[in-house]
Amino acid sequence: MSPEPFLALATLLFCLGLVGIVSRRNLFVVYMSAELMLTSVSLMLATFGRVLGSGDGAAMVLLMIAVIAAEAALFLAIIIQLHRGRKTLDSDAFAALAQREKEGRDA
């Protein structure tokens with residue numbers, strides 16, 4: 001089987017994720033876009049592993065699945081905590097947090 005359709009799908013998924021991260025402000029949408037990009041990288045690794053006849057790609061995909069699961073748990077916990085504090089998921093609402101932290105470091 002030819003790898004081109006898989007690589008095209010992975011490229012499409014990565015581009016969709018990139019557009020989602022750049023264009024949206026909702027933290028949950030940004031998170032889902034990042035997951036889409038990680039999934040596309042996993043698909044590329046699996047495809048290259050299959051084309052090259054090596055198990056390294058599959059091993060990397062399994063490692064990425066573990067990292068993605070841990071990242072999902074951490075990021076969702078952060079999103080829930082931020083939502084409880086500010087009652088919004090707009091990333092601009094949290095710019096003040098970064099500003100306060102920067103001022104705290106400078107002082």
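Here are some exercises, each followed by a worked solution.

**Before you start**

This is a predicted model, in which local features need pLDDT of at least 70, side-chain atom pairs count only at pLDDT 80 or more, and totals for chains, interfaces and linings use all residues. Residues are numbered from 1 along each chain as its sequence is written, and side-chain values use heavy atoms, with hydrogens and water left out.

**Exercise 1. Check the span of helix H1, and find which of its residues are buried and which are exposed.**

Step 1: Locate the helix. H1 covers residues 4-23; helices (H or I, at least four residues) and strands (E, at least two) are DSSP runs, numbered from the N terminus.

Step 2: Work out the span. The expected span of a helix is 1.5 Å times one less than its number of residues. For the 20 residues of H1 that gives 28 Å, and the end C-alpha atoms are 28 Å apart, so the two values agree.

Step 3: Sort the residues. Buried means under 20% relative accessible area, exposed over 50%, and partly exposed in between (1.4 Å probe, protein chains only). Ala10, Leu13, Gly17 and Gly20 are buried in H1. These residues lie on the same side of H1, because they cover an arc of only 90° around the axis (the arc is that of the directions from the helix axis to the C-beta atoms). Glu4, Pro5, Val19 and Val22 are exposed on the other side of H1.

Step 4: Look for the cover. H2 is among the parts that cover the buried residues of H1; contact here means heavy atoms within 4.5 Å.

**Exercise 2. Find the residues that make the nonpolar surface patch.**

Step 1: Learn the rule. Patches are made of residues with over 30% relative accessible area and no salt bridge, where like charges are joined within 9 Å and nonpolar side chains (Val, Leu, Ile, Met, Phe, Trp, Tyr) within 5 Å. A salt bridge is a side-chain nitrogen of Lys or Arg within 4 Å of a carboxyl oxygen of Asp or Glu. Accessible areas come from the Shrake-Rupley method with a 1.4 Å probe; for residues, only the protein chains shown count as cover.

Step 2: Name the members. Phe14, Leu18, Ile21, Val22 and Val41 form a patch of about 390 Å².

Step 3: Assign them to helices. Helix H1 gives the largest share, four residues, while Val41 sits in helix H2 (residues 27-52). Val41 has a relative accessible area of 31%, so it counts as partly exposed.

**Exercise 3. Describe helix H2: what is its span, and which residues are buried?**

Step 1: Compare the spans. The 26 residues of H2 should span 38 Å at 1.5 Å a residue; the end C-alpha atoms are 37 Å apart, which agrees.

Step 2: List the buried residues. They are Leu27, Tyr31, Ser33, Glu35, Met37, Ser40, Ser42, Thr47 and Gly49. These buried residues of H2 pack against H1 and H3.

Step 3: Zoom in on two of them. Ser42 is buried because its relative accessibility is 10%. Not counting residues up to four places away in sequence, Ser42 touches Val61, Met64 and Ile68. Thr47 is buried too, at a relative accessible area of 8%. With neighbours within four places in sequence left aside, Thr47 is in contact with Pro3, Phe6 and Leu7.
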